[in-house]
Amino acid sequence: MAISRIPPAALSLKQFLQRQRVLGIYRNMLRTIRQVPDEADRKYLADWARAEFKRNKDATNQDAIRMMITQANNHLEELQKSLALARS
């Protein structure tokens, strides 16, 4: 009988790539939030982003995760557009 070297909790390739995408969005969101000029708004947005990602960290339904990734990308784009408009 062969013993697998893969731990039982190892992620599949699809899950790993999805996790990397989520972490990338999270990092980009926090980087973008750092550009917000008002400190109170910056803190509010950072707390909101952290809370949302923490709240959904245990999600396992692939369709729900894809939907949340799309929503996070939309929020990120909206924030970036708002910052660009505020600068001009």
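Two residues are in contact, or touch, when they have heavy atoms within 4.5 Å of each other. The model on display is predicted, and the tour below applies this idea of contact to it at several stops.

**Stop 1: Arg66**

Select Arg66, which lies in helix H3. Which residues does Arg66 touch, not counting residues up to four places away in sequence? They are Lys14 and Gln18. Arg66 and Met29 stand 37 residues apart along the chain, and their C-alpha atoms are separated by 17 Å.

**Stop 2: Gln18**

Gln18 belongs to helix H1. Is Gln18 buried or exposed? With a relative accessible area of 8%, Gln18 is buried, since buried means under 20%. Leaving out residues up to four places away in sequence, Gln18 touches Gln62, Ile65, Arg66 and Ile69.

**Stop 3: helix H1**

Select residues 13-33, which form helix H1. The 21 residues of H1 should span 30 Å at 1.5 Å a residue, and the end C-alpha atoms are 30 Å apart, so the two values agree. Within this helix, colour the buried residues: Gln18, Gly24, Ile25, Met29, Leu30, Thr32 and Ile33. H2 and H3 are included in what covers these buried residues of H1.

An α-helix has 3.6 residues a turn, so residues three or four places apart point the same way.

Before leaving this part of the chain, select Ala10, found in the segment before H1. Ala10 has a relative accessible area of 36% and is therefore partly exposed. Ala10 and Asn73 are 63 residues apart in sequence, and their C-alpha atoms are 27 Å apart in space.

**Stop 4: helix H3**

Select residues 62-87, the range of helix H3. At 1.5 Å a residue, the 26 residues of H3 should span 38 Å; the end C-alpha atoms lie 37 Å apart, which agrees. Which residues of H3 are buried? They are Ile65, Ile69, Ala72, Leu76, Leu79 and Leu83. These buried residues of H3 pack against H1 and H2.

**Stop 5: the largest nonpolar core**

Select the twelve residues of the largest nonpolar core: Ile25, Met29, Ile33, Val36, Ala46, Ala49, Ile65, Ile69, Ala72, Leu76, Leu79 and Leu83. H1, H2 and H3 each supply at least two residues of this core. Which helix gives the most to the core? It is H3, with six residues.

Within the core, centre the view on Val36. Apart from neighbours within four places in sequence, Val36 is in contact with Asp41, Arg42, Leu45, Leu79 and Leu83.

**Stop 6: Leu45**

Follow the contact from Val36 to Leu45. Leu45 lies in helix H2 and counts as partly exposed because its relative accessibility is 22%. Excluding neighbours within four places in sequence, the contacts of Leu45 are Ile33, Val36 and Leu79. Leu45 and Met29 are 16 residues apart along the chain, with 9.3 Å between their C-alpha atoms.

**Stop 7: the largest pocket**

Finally, display the largest pocket, which holds about 780 Å³ of space. Of the 25 residues lining this pocket, Val22, Phe53, Asn56, Lys57 and Ile65 are the closest to its centre. Helix H1, helix H2 (39-55) and helix H3 are the elements that give two or more residues to the lining. What kinds of residue form the lining of the largest pocket? There are 13 nonpolar, seven polar and five charged residues.

Keep Ile65 selected to close the tour. Ile65 is among the residues closest to the centre of the pocket, is a member of the largest nonpolar core, and is touched by Gln18.

Technical notes. Residues are numbered from 1 along each chain as its sequence is written. This is a predicted model: local features need pLDDT of at least 70, side-chain atom pairs count only at pLDDT 80 or more; totals for chains, interfaces and linings use all residues. Side-chain values use heavy atoms; hydrogens and water are left out. On a 1 Å grid over the protein atoms alone, a cavity is a set of points where a 1.4 Å probe fits but cannot get out, and a pocket is an open set with protein on both sides within 12 Å along at least five of seven lines; lining residues have an atom within 4 Å of a point. Grid points are joined across faces, edges and corners, and a volume is the space filled by probe spheres set on the points. Helices (H or I, at least four residues) and strands (E, at least two) are DSSP runs, numbered from the N terminus. Ala, Val, Leu, Ile, Met, Phe, Trp, Tyr, Cys and Pro count as nonpolar, Asp, Glu, Lys and Arg as charged, and the others, Gly among them, as polar. The expected span of a helix is 1.5 Å times one less than its number of residues. Buried means under 20% relative accessible area, exposed over 50%, partly exposed in between (1.4 Å probe, protein chains only). A nonpolar core is a set of buried Ala, Val, Leu, Ile, Met, Phe, Trp, Tyr and Cys residues joined through side-chain atoms within 4.5 Å.
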